[in-house]
Amino acid sequence: MTESATPDEPERRLRGWRWLALAWLLVLAGVAWHQWGFWQSPRIDSDILALLPQEAGDPAVDDATRRIAGNSSRDVVVMLGAEDADAVLRARDAFEGAIQASAQQGVDLLVAERSPEDWFSQAREVLAPHRDRLLTPAQRQHLEQTPADALAESALAALYGPMGAPRLTEWRSDPLGLWPQWWQAQATASGMALDGDGLLQAEDRHWAVLQFTLRESAFKLDGERRLQDLLDAASAAAKAVAPGVQVLKAGVPLHAESAAVQANREVNTIGWGSLAAVLLLVWLAFRSLRPLLLVALSLLVGCAVALTVTVLVFGKVHLLTLIFGASLVGVAEDYGIHWFASRQGEPKARRWSLLRHLLPGLWLALLTSAMAYLALGLAPFPGLRQMALFSVVGLAAAFLTVIFGFPWLDGGEVRTTAFSRWLGGTLASWPRLANRRGGLVLAAVVLLVAVPGLMQVRGNDDLRSLQSSPPELIAQQRDVGRLLGMPSPAQFYLVQGRDAEEVLQREEHLVARLRDVEAKGLVGGHRALSDWLPSQRQQENDAALTARAEREVLARLSVATGETLARGEFVPRSLTLDTFLASPAALPVRHLWLGEVGQGVASVVMVNDLPRPDALATFAAQADGIEGVRWIDRTADISRLLQHYRRMMTGLLLAGVVVVFGVLAVRYRGQAWRVITPTLLAGVLTVALLGWLGQPLQLFNVLALMLLLGMGIDYGIFLVEHRGDASAWLAVCVGAASTWLSFGLLGLSATPALRAFGLTLLFGIGLVWLLSPLFRPPPDHSPTNGNTVA
């Protein structure tokens, strides 16, 4: 009975394996259906901010940051400057004409904003009934300190002067000219001070300011250079009619398109470059079309399943995830290559027993790699979590394709080639640390390279070091910001209170301090909602002050002219926040009001001219002692967070070494040190090489070291699992070479975070590849050819 049961056991296992393979085939059918639908309308995000950590536990700061970023996410500003105003006007007309002509030809990307004159007429109509409640601090001080007789004289001079003062209402409704003065102050503070031709005068030039809005989201660009080409064509048209005109372009869409174009180029370069390298190595090793196609199939399945799962979990996929996933090609092919390296010279009838022989090592290699990639998800970076999920799922899908599909699809013979014999045979001539002397020599070399290099390593967690936009675009953005006095979106004050009145009163307290330091020249300007809409209390005080001053002036002028002069009628109630925000007048500051946040409401006060020395410290000091007011520096906050997670992930990396060693010790016992030591030495030497090259140590270097821990261990596992086996060494060499090439290409990325990944793994993988054979155990000459582990 026992003898008859024994032959049935392999058959039952084969039948169970067949059902698992069928289930995996059904899963792949579902993935194929999803992929067909996904690429009809791909949900791909190119927002670089997705890489940054989310605000932890402070919804007000998170909401403020999102509102500020969203307010300008589709805005494009173009400035045309020259010394001759007529040349600027010709250039402006040509530029606008080129944009309109492109729209008629189907390239309709931009919508021109309304002119300042159109907006001004609408805003003036809304605010005019409340103009007695709208005073600047300078006007308020002037009315309080100037005697009524002096005010009357100035009003009379303005009325009967040769030119007359510019007026926005009839004289008796504004005898002191307060209304145009208030508007002039707002225009100056908002960067809208224009001359009669609608041109801005700055730095000895006349400037035309053109504002456009992108029709689609700035982060829905498809990797094509459409917006920049449109603006370049319009710029060429402007320069054709006004040679020498200077063109400056700024806006989030320009940076987003640059990132999308760069990412699209790198996906193609890294992805196709990695695939070509892998397929070339597979061809050299096996000289057969079947291994080539099946390895390519496992890679295709891995990437497709990873993309599907990522989209299902996150709702969309980030372009940087696709770039990083492209480098996954150099890792996921290890399983297929290991299969075919072991199949060389083996009859096809033994492929099922060969699979059972390979499975323990393959499972352990997948486990260690997955642990390394999953460590990426420990940091609170949405982009990194996407990368972690994409990578783990991609590796697992490639692995399952190999173990479920290859035994069925690989039914032919796999011949041993001259290249594979030569490469596998190099293991025998590779030195091995068999005695104390060899270990001492290696230790001396490692110390000689590592110690001086490690002493030169410096951490750099500044968020600005992750900037990947072209320098020319960054320079133009700064020039536009300087000329227009545009505030920084990364630094601002957050003002909170129980209701709108309390928020506006606290804003006014803060703004009073800001005006003092601005008057001393310590910082630049600011933008605040309360400059346009004072608190109810301030409006009532201003209305009373204006009424008293104007009545006294009109009384004196009635005596002087012999006419009875009565003050005009005004709305007897204050302008409310809801009315103001719903009107066109709120356009310059509407985005500063956040509304309900937590148990109250909030607004932001934005500042500019940050490049000045000590400007950040000066701004921060102005919030001291004002309840409900906080200075927010997002750049510094995120930089500190990057530093915190770099240190935390370094600790987790060290803890991971201990955990991985424990896992290895369970299977390999006293031989576990041979598996892990090459990776540890490679990690130390990699950091030292970064120090030698002057590269800063960032969070992304540490995350790459975690990947190195997972991937480098694989080579040690294969060499210890199949000791002295030339096919195992062939698989290690081909896999390591393709991984090294993949991440080497990633090191060419123009995105600093990905370049840090690539450069670290370029060094690390290469070093593990060279060091792993040094620690291999003696060859196993038993009939099992290394299948048992001592």
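## Arg-133 and its partner

Arg-133 has 4% relative accessibility, so Arg-133 counts as buried (buried is under 20% relative accessible area, exposed over 50%, partly exposed in between, with a 1.4 Å probe and protein chains only). Its side chain meets that of Glu-540 in a salt bridge, 3.3 Å from N to O (the rule asks for a side-chain nitrogen of Lys or Arg within 4 Å of a carboxyl oxygen of Asp or Glu). The two sit 407 residues apart, Arg-133 in the loop between H4 and H5 and Glu-540 in helix H19 (helices are DSSP runs of H or I with at least four residues, strands are E runs of at least two, and both are numbered from the N terminus). Glu-540 counts as partly exposed because its relative accessibility is 41%.

A word on the ground rules: this is a predicted model, where local features need pLDDT of at least 70 and side-chain atom pairs count only at pLDDT 80 or more, while totals for chains, interfaces and linings use all residues. Residues are numbered from 1 along each chain as its sequence is written, and side-chain values use heavy atoms, leaving out hydrogens and water.

Elsewhere, salt bridges with shared partners join Arg-498, Glu-502, Arg-506 and Glu-627 into one network.

Which residues of H21 are buried? In this helix, residues 615-622, they are Ala-615, Thr-618, Phe-619 and Gln-622. Looking down the axis of H21, the buried residues fall within an arc of 95°, so they line one face (the arc is taken over directions from the helix axis to the C-beta atoms). They pack against strand S8 (491-497), helix H18 (500-519), strand S11 (600-607) and strand S12 (629-633), where contact means heavy atoms within 4.5 Å.

A whole-structure search turns up 18 aromatic pairs (rings of Phe, Tyr and Trp, the last by its six-membered ring, pair if their centres lie within 6.5 Å; planes under 30 degrees apart are stacked, over 60 edge-to-face, the rest tilted). Phe-340 and Phe-406 have ring centres 5.5 Å apart and planes at 50°, so they are tilted. Phe-340 is in helix H12 (residues 329-343) and Phe-406 in helix H14 (residues 382-409), 66 residues apart. Both of these Phe residues, Phe-340 and Phe-406, are buried.

Phe-619 lies in helix H21 and Trp-631 in strand S12, so the pair ties together parts 12 residues apart in sequence. Phe-619 is buried at 0% relative accessible area, and Trp-631 counts as buried at 17%. Four Trp residues, Trp-179, Trp-182, Trp-183 and Trp-532, form one aromatic cluster.
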